[in-house]
Amino acid sequence: MAHVPVLLDEVMTAIRPRAGGLYVDGTLGGGGYARAVLAVHGARLIGIDRDPEAARTAAALRKVFPDTFAFQSGAFSLMEQIVELAGSDGVDGVMLDLGVSSMQIDEAERGFSFQKDGPLDMRMARSGPSAADAVNHLDADELAAIFKVYGEERHARRAARAIVEDRAAKPFETTLELASLMARVIGGKPGRIHPATRVFQGLRIYVNDELGELIRALGAAERILKPTGVLAVVTFHSLEDRIVKTFLRARAGLASQGSRHAPEVKAGPAPSFSLLTRKAIEPSEAEIAANPRARSSRLRAGVRTTHPAWPADDDGLPGVPPYSRLLECVA
């Protein structure tokens, strides 16, 4: 199944690609957003993706747009360095389409799907520790925290204990081994989501350090965008959306100011963004009917002001073991 970009028209309306403008697609994937930008005569684009499979998309785009498209393999949190290496002093738009793509889910060997048997992998970059490393090395408290915070799984501790008990006899190697265990220990009513859904989500987010990457990428986008440049971010679940919403509202000077019952909140730096819309943009019923994956998508966008970028946010995410903990476990 080919990857279909969601909210494409809405993202293009937000970004407003124009001749002479330079744009960053931090999640190149199948190239849907990139093609729409490059179709505007004279618009230039730098594509970034840590998934090695995106290189095929990049090669195809280079053939069609040899003078206006460039690609760099790597994490989108590195966009500031990538833009600097490209010799630019700023960009006019940054697009991020978060989460896992249809192409990644459909490939059993990538290990993202609990419905397809394959290695318990889940690595977007195909390097570093895998989901199997996480479930076979982290302790029960750490796994429970990952499932609860990143997967929003109510039975996180039960799932974690079952994993630790089962791996003592045999380490987990495949997706169906883990999915079958979750079906037994979490259960669920017919017609509801699969019992492994939230556990797999939590593992995927943790193994790829997705929320830490997002926080770092938002700060990088703030620093490389020119005044009137636009940041457009499409999210697919509440954790991502909450981070993007909090970032843009804070940068627009709209963070909560407390109440008369709480200490006064000191004003932050001058707003570095203005909100393009006050609320997230959601897909139309027609788009959802044509592409069910779009159902949970949300677009938030902000326009860069002339004020300096704020100091970098702490990318630490409380309540779960740091990603470095997994690196230590498999070193």
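Student: Why is Gly90 called buried?

Tutor: In this predicted model, Gly90 has a relative accessible area of 2%. The limit for a buried residue is under 20%, so Gly90 is classed as buried. Gly90 is found in the loop between helix H4 (79–85) and strand E4 (91–97). From Gly90 to Glu80 the C-alpha distance is 9.0 Å, and the two are ten residues apart in sequence.

Student: What makes Arg154 an exposed residue?

Tutor: The relative accessibility of Arg154 is 76%. Exposed means over 50%, and therefore Arg154 counts as exposed. Arg154 lies in the loop between helix H7 (140–149) and helix H8 (156–167). Together with Arg158, Arg161 and Arg198, Arg154 forms a patch of positive charge on the surface.

Student: How do you know that strand E2 is largely enclosed by the rest of the structure?

Tutor: Strand E2 spans residues 44–49, and five of its six residues are buried, so the strand is largely enclosed.

Student: Which strand is joined to E2, and do the two run parallel or antiparallel?

Tutor: Strand E1 (residues 22–25) is joined to E2 by four bridges, and the two run parallel. Two strands count as paired when there are at least two bridges between them. Within this pair, Asp25 stands opposite Gly47 in E2.

Student: Which side chains of E1 point one way, and which the other?

Tutor: Leu22 and Val24 point one way, while Tyr23 and Asp25 point the other way; all are buried. In a regular strand, side chains alternate between the two faces of the sheet.

Student: What makes helix H10 largely enclosed?

Tutor: Helix H10 covers residues 197–207, and nine of its eleven residues are buried, so the rest of the structure largely encloses the helix. Among the buried residues are Phe200, Leu203, Arg204 and Tyr206. Just after H10, Asp209 takes a positive phi of about 50°.

Student: Why is the contact between Glu210 and Arg204 called a salt bridge?

Tutor: The closest N and O atoms of Glu210 and Arg204 are 2.7 Å apart. A salt bridge requires a side-chain nitrogen of Lys or Arg within 4 Å of a carboxyl oxygen of Asp or Glu, so the pair qualifies. Both Glu210 and Arg204 are buried.

Student: How many salt bridges are counted by this rule?

Tutor: The count comes to 15 salt bridges. One of them joins the side chains of Arg184 and Asp166, at 3.5 Å from N to O. That pair links distant parts of the chain, with Arg184 in helix H9 (residues 175–185) and Asp166 in helix H8, 18 residues apart.

Student: Why is Arg184 called exposed, and why is Asp166 called partly exposed?

Tutor: Arg184 has a relative accessible area of 59%, and exposed means over 50%, so Arg184 is exposed. Asp166 has 31%; partly exposed lies between the buried limit of under 20% and the exposed limit of over 50%, so Asp166 is partly exposed.

Student: What is the phi of Met122, and why is Met122 called buried?

Tutor: Phi of Met122 is near 75°, a positive value in a residue other than glycine. Met122 is found in the loop between helix H5 (102–106) and helix H6 (131–137). Its relative accessible area is 0%, and buried means under 20%, so Met122 is buried.

Note on methods
Residues are numbered from 1 along each chain as its sequence is written. This is a predicted model: local features need pLDDT of at least 70, side-chain atom pairs count only at pLDDT 80 or more; totals for chains, interfaces and linings use all residues. Side-chain values use heavy atoms; hydrogens and water are left out. Patches are made of residues with over 30% relative accessible area and no salt bridge: like charges are joined within 9 Å, nonpolar side chains (Val, Leu, Ile, Met, Phe, Trp, Tyr) within 5 Å. Accessible areas come from the Shrake-Rupley method with a 1.4 Å probe; for residues, only the protein chains shown count as cover. Lys and Arg count as positive and Asp and Glu as negative; His and the chain ends are not counted. The place of a charge is taken as NZ of Lys, CZ of Arg, CG of Asp or CD of Glu. Buried means under 20% relative accessible area, exposed over 50%, partly exposed in between (1.4 Å probe, protein chains only).
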